[in-house]
Amino acid sequence: MEPLDYLAEERSKASFDVEEMKIVWAGSRQAYELSDRISRLVASDPVFRKDNRTMLSRKELFKDTLRKTAHAVKRTVELNLSEEESSTLWNYVDQPAYANLHWGMFIPAIEGQGTEEQKQKWLPMAYKMQIIGCYAQTELGHGSNVQGLETTATFDPQTDEFVIHSPTLTSSKWWPGGLGKVSTHAVVYARLITNGQDYGVQGFIVQLRSLDDHSPLPGITVGDIGMKFGSGAYNSMDNGVLRFDHVRIPRDQMLMRVSQVTREGKYVRSDFPRQLLYGTMVSVRQIIVSESSIALSRAVCIATRYSAVRRQFGSQNGGPETQVINYKTQQSRLFPLLASAYAFRFAGEWLQWLYTDVTKRLQANDFSTLPEVHACTAGLKSITTSATADAIEECRKLCGGHGYLSCSGLPELFAVYIPNCTYEGDNTVMLLQVARILMKTVSQLVSGKKPGGTTTYLGRVEHLMQCHCEVQRAEDWLKPSVILEAFEARAARMSVTCAKTLSGFSNLEEGFAEISSDLVEAAVAHCQLIIVSKFIEKLQQEIPGKGVKTQLENLCNVYALSLLHKHLGDFVSTGCITPEQSALANEQLRLLYSQVRPNAVALVDAFNHTDHYLGSVLGRYDGNVYQKLYEEAWKSPLNDTDVPDGYHEYIRPFLKQHFRTARL
């Protein structure tokens with residue numbers, strides 16, 4: 001018998017080709033077919049089961065992670081998967097593991113910062129996982145301030161070695177994933193000291209554990225830092241603590257593409273820019289932006305499907321109650337998040353292209369676009385991860401009480417996602433870096449230097465400081481040029497205002513610290529402009545499929561106008577729009593919600609998430625929520641027995657009055 005589809009009626013309302021939208025979401029037909037095939041491969045493999053993950057103890061969870069990682073490697077070899085297929089498989093296994101850091105940070109660090117000889121020595125072993133590495137940068141006392149790291153690497157010219165040492169408690173490496181229990185090696189960032197002079201932070205390849213019995217090597221103290229937020233979630237990762245007690249390594253284990261130390265101990269800088277040292281972080285931030293849309297899409301998919309299934313109030317003459325998704329209050333909270341998932345997807349696509357472009361340029365020794373990539377990855381990493389973390393929690397609230405259940409999938413999704421707001425650059429620190437670039441760009445306008453890349457709009461600053469929004473009717477807000485100019489004018493005016501305020505300080509750094517909150521808001525405006533503009537650019541492309549482009553236009557407008565509503569103070573106080581025009585924007589937004597409503601379930605179907613990947617009873621494809629919630633309850637370990645452990649010691653004495661009780 002065919003299983004019932006409780007959401008069939010919702011799906012029949014769609015006015016667009018869902019299959020074509022799946023291709024747009026994936027990026028290409030080839031990418032869609034690959035992800036669809038791999039996601040189903042993972043979902044059908046019992047080793048990759050994850051429905052019991054939140055009930056496992058930490059030790060059980062960690063061993064389960066080791067087993068899944070080994071099985072993923074085994075399947076990759078057996079099926080002769082390509083690099084892209086293998087990466088996709090890891091994503092769908094959906095369990096943070098040491099391998100993420102080995103492939104995502106340790107190997108790229110050597111590829112980007114090592115010499116040809118170093119790459120030839122270390123990468124073949126790393127590719128075969130004959131050594132397993134991590135990225136040991138963050139310390140107990142320093143995270144965002146990389147230049148403040150305390151671990152030292154002192155060159156000893158007598159032995160041609162570096163001595164790696166942790167001089168203080170706060171110099172202990174803290175947080176690197178894979179470090180706690182698995183990694184045999186690490187790229188360790190330490191202060192290079194030679195001939196008594198400190199040359200700042202450099203990377204070094206250091207062996208941590210024996211390749212025979214996995215025990216820590218002499219001088220190495222290493223372990224796991226303990227439980228993290230939530231059940232399951234990021235506790236599958238062995239984030240570690242590491243201390244060095246005068247550990248000696250050969251000189252050639254300093255990563256020497258950017259700078260070298262000679263046999264005599266002389267420090268030599270190459271022509272490569274120092275930003276290459278942070279190339280791995282830039283790469284990871286770009287991936288984080290791309291993955292923000294995935295995490296957000298999962299939460300939105302769960303909340304949208306459940307909102308269509310759930311009914312509360314509004315029964316007429318004994319008829320069915322109103323679907324929660326039909327309430328305007330639900331739509332005004334949910335649909336901007338749906339639109340954000342698509343917006344972040346297309347911003348991620350563009351950022352991936354930008355990163356690929358700069359990588360090619362770097363190989364040709366062209367470093368001209370490196371600052372632009374650094375700024376974009378920093379800013380968009382901050383904006384997308386903060387918005388996604390908030391959105392996952394909002395989706396939990398949109399699911400009412402049942403959203404708090406572990407089996408809703410939302411608590412674990414939230415717990416595993418929120419570290420993104422901190423690692424690879426604290427989000428506020430990232431925005432301040434963007435603000436510095438904006439202030440530099442504005443200050444250079446006086447000398448006639450034309451800005452480029454994502455700051456090109458500042459080249460029209462005179463116009464943007466004076467222009468007036470031409471909206472007279474609600475539908476005028478549907479014009480891309482109107483939306484774009486409003487966002488450009490807001491960003492430009494906020495940056496110029498900050499620059500003028502800064503110019504009043506005799507000490508620029510003191511001024512920067514004093515108005516840092518305003519600078520963060522200016523950076524937010526700039527980054528939101530980038531995302532809106534990239535969504536609009538996406539819509540200028542040829543997009544096949546019945547009704548697909550229309551739905552994306554609706555979502556683009558929902559995204560932009562919901563941001564305008566949220567940051568109304570910015571737009572009105574800077575004179576970009578009038579209060580009357582803001583009222584028209586809200587009117588148009590309500591109309592857009594009505595157009596999104598019949599397509600909402602189909603729009604989340606286009607994410608093409610399997611039930612296994614979603615990991616949510618509330619977000620099931622078939623909408624059979626209540627039956628499955630009931631079945632899930634009986635899987636609780638507390639239901640293994642009718643009478644709980646502890647009954648005879650702690651409950652029965654009350655019931656039989658064997659305890660003396662006082663009236664409370």
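I started at Thr 377, which touches Val 282, Arg 285, Gln 286, Val 289 and Leu 351, not counting residues up to four places away in sequence; contact here means heavy atoms within 4.5 Å. I keep in mind that this is a predicted model, where local features need pLDDT of at least 70, side-chain atom pairs count only at pLDDT 80 or more, and totals for chains, interfaces and linings use all residues. Residues are numbered from 1 along each chain as its sequence is written, and side-chain values use heavy atoms, with hydrogens and water left out.

**Entry 1: more on Thr 377**

I found Thr 377 in helix H10 (residues 370-398). Helices (H or I, at least four residues) and strands (E, at least two) are DSSP runs, numbered from the N terminus. Is Thr 377 buried or exposed? I read a relative accessible area of 1%, so Thr 377 is buried. For the cut-offs, buried is under 20% relative accessible area, exposed is over 50%, and partly exposed is in between (1.4 Å probe, protein chains only).

Next I checked where its side chain goes. The side chain of Thr 377 reaches the backbone oxygen of Val 373 at 2.8 Å, and also that of His 374 at 3.1 Å. I count these as polar contacts: pairs of N or O atoms within 3.5 Å, where within protein one must be able to donate a hydrogen and the other to accept it, and residues adjacent in sequence count only if both atoms are side-chain atoms.

**Entry 2: strands around S3**

I then followed strand S3 (residues 161-165). Four of its five residues are buried, so S3 is largely enclosed by the rest of the structure. Which strands does S3 pair with? Strand S2 (residues 152-156) is joined to S3 by five bridges, running antiparallel, and strand S9 (residues 247-250) is joined to S3 by four, also antiparallel. Two strands pair if DSSP finds at least two bridges between them.

I noted a residue pair on each side. Phe 155 has Phe 162 in S3 as its bridge partner, while Val 163 stands opposite Arg 248 in S9. S2 and S3 form a hairpin with four residues between them, and Asp 160 in the turn has a positive phi of about 60°.

**Entry 3: the three-stranded sheet**

I also looked up an open sheet of three strands, in the order S4-S8-S7, with antiparallel pairing. Its edge strands are S4 (173-174) and S7 (220-224), each pairing on one side only. Two bridges join S4 to strand S8 (residues 240-244), and Trp 174 has Val 241 in S8 as its bridge partner.

**Entry 4: aromatic rings**

How many aromatic pairs are there? I get 17, with rings of Phe, Tyr and Trp (its six-membered ring) pairing if their centres lie within 6.5 Å; planes under 30 degrees apart count as stacked, over 60 as edge-to-face and the rest as tilted. One of them is Phe 162 with Phe 204, edge-to-face at 5.0 Å centre to centre and 70° between the planes. Phe 162 lies in S3 and Phe 204 in strand S6 (residues 197-207), so the pair ties together parts that are 42 residues apart in sequence. Both Phe 162 and Phe 204 are buried.

I looked at Phe 229 and Phe 414 too: their centres are 6.2 Å apart and their planes at 70°, so this pair is edge-to-face. Phe 229 is in the loop between S7 and S8 and Phe 414 in helix H11 (residues 410-417), 185 residues apart. I also jotted down one aromatic cluster, formed by Trp 25, Tyr 342, Phe 346, Phe 535 and Phe 607.

**Entry 5: the UniProt positions**

Last, I turned to the record. The unreviewed UniProt entry lists Thr 138 and Gly 177 for "binding site"; positions follow the numbering used here, feature names are shortened, and annotations may be inferred rather than shown by experiment. The two are spread over 40 residues of sequence but cluster in space, with a largest C-alpha distance of 10.7 Å.

Thr 138 lies in the loop between strand S1 (133-136) and S2 and is partly exposed, at a relative accessible area of 27%. Leaving aside neighbours within four places in sequence, its contacts include Lys 173 and Trp 174. Gly 177, in the loop between S4 and strand S5 (185-194), is buried at 7% relative accessible area. Among the residues that Gly 177 touches beyond four places in sequence are Leu 101 and Cys 134.
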